[in-house]
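Here is my notebook from a first look around this structure.

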Amino acid sequence: MLTEVTAVRYVTPLREGGSLPGVVEAADSDGVNATYVMKFTGAGQGRKTLVAEVICGELARRLGLRMPRLVQILLDPVIGLGEPDQEVQELLKSSGGLNLGMDFLSGALGFDPLAYGVDPAEAGRVVWFDALINNVDRSWRNPNLLLWQGDLWLIDHGASMIWHHNWRTAGTAAAKPYDASDHVLAPFGPDVASAAAELAPLVTEELLTEVTAQVPDAWLVDEPGFEDPDDVRRAYVAALLPRAKTIHDRIALGEPRPKGATK
Ligand SMILES: Nc1ncnc2c1ncn2[C@@H]1O[C@H](COP(=O)(O)OP(=O)(O)O)[C@@H](O)[C@H]1O
Ligand SMILES: [Mg+2]
């Protein structure tokens, strides 16, 4: 289970992306405060975004990719009462209880492909991982990569695993190829074959079961067509397990594009 912390102060909204995450201060069970990025259950994107964040984020970390630690944040909406921004106020009001949090990487910069080089091995690992989870949100327009203390960190996996939006066709959707032609790391010559050889054997049923167990029941209950949260967890495992074995053969990197080209 993800560590549970309790929000004590809303600091500021993060407006770069679409979902308006907030920076919050929260206390752990020893009363120690730290700063987190909070993704709200009341956000328009819905709870499946949070499920994807947990499964993909926890999987990334176990595969050795850099990904900030995830936590569960308990929110009492009362902490937002003084918040002047109407949109933020609404979000806080509709997100009482359990939310998703992530360690805030203080001083991190958004990844700029023109200013920072990525070696083919690391680019390959990220592209292969994104292909596995079918992440459509790592483009040059919207990299969702941070540079922190000289290293590349992955964030924002809410728009992956598109198959969980229609479980009836999930088997077919999860068997589809991955178009990486728009991927922000495509111009860095990603060595996808080496990444697959290294990472695919690690994606076992056991690992995926451990990862899906991190998702709080509250975000899996009452999923139409499933008996209980564990039943839904098994469906995620069933989609990812075969994909890990074969996806490297079905990654389209497109025409080599000069680094930083905008089209
Ligand atoms: N852990 C983090 N540490 C520091 N900044 C972050 C972190 N997570 C997100 N951010 C910043 O907040 C922005 C929005 O977060 P993101 O997870 O991409 O949400 P979304 O795109 O759904 O709004 C990011 O582009 C980044 O600038
Ligand atoms: Mg984003």
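**Entry 1: H3 and H5.** I began with the way H3 passes H5, and I noted a right-handed crossing. A reminder to myself before going on: this is a predicted model. H3 covers residues 120–133 and H5 covers residues 192–199. I looked up their axes, which come within 8 Å of each other and cross at roughly 65 degrees. That angle makes H3 roughly perpendicular to H5, because 65 to 115 degrees counts as roughly perpendicular.

Which residues of H3 and H5 meet? On the H3 side I listed Ala-121, Gly-124, Arg-125, Val-127 and Trp-128. Facing them in H5 are Val-192, Ser-194, Ala-195, Ala-196 and Leu-199. Sorted by class, the residues of this contact are 7 nonpolar, 2 polar and 1 charged.

**Entry 2: H6 and H7.** Next I turned to H6, which spans residues 205–212, and H7, which spans residues 229–246. Their axes lie 9 Å apart and the helices pack at an angle of about 140 degrees. I wrote down H6 as oblique to H7, because of that angle. The crossing of H6 past H7 is right-handed.

From H6, the residues in this contact are Glu-205, Leu-208, Thr-209 and Thr-212. They meet Arg-233, Tyr-236, Val-237, Leu-240 and Leu-241 in H7.

**Entry 3: H1 and H6.** H6 came up again, this time with H1, which runs over residues 47–62. How far apart are the axes of H1 and H6? I found 9 Å, with a packing angle of about 130 degrees. That makes H1 oblique to H6. H1 passes H6 in a right-handed crossing.

I then picked out the residues that meet. H1 brings Ile-55, Glu-58, Leu-59 and Arg-62, while H6 brings Leu-207, Val-211 and Thr-212. The split by class is 4 nonpolar, 1 polar and 2 charged.

**Entry 4: the two domains.** I stepped back to see how the protein chain is divided: domain 1 takes 4–103 and domain 2 takes 110–252. Their C-alpha centres lie 21 Å apart. How many residues does each domain put into the contact? I noted 25 residues from domain 1 and 28 residues from domain 2.

Which element gives the most to the side of domain 1 that touches domain 2? H1 does, with 15 residues. By class, I recorded that side of domain 1 as 13 nonpolar, 6 polar and 6 charged residues.

**Entry 5: ligand 1.** I looked up what surrounds ligand 1 and found 19 residues. The closest are Leu-14, Gly-17, Ser-19, Leu-105 and Asp-156. The shell divides into 10 nonpolar, 6 polar and 3 charged residues.

Terms used: Residues numbered from 1 in each chain as written. Chains lettered and ligands numbered in written order. Predicted model: local features only at pLDDT ≥ 70, side-chain atom pairs only at ≥ 80, totals over all residues. Near = placed C-beta within 6 Å. Nonpolar A, V, L, I, M, F, W, Y, C, P; charged D, E, K, R; others polar. Axes fitted to C-alpha atoms, helices over the stretch in contact; angles between N-to-C directions. Helix = DSSP H or I, 4+ residues; strand = E, 2+ residues; numbered from the N terminus. Parallel < 35°, antiparallel > 145°, perpendicular 65-115°, else oblique. Left-handed = near helix turned anticlockwise from the far one by under 90°. Contact = placed C-beta atoms within 7 Å. Domains from an automatic or database assignment.
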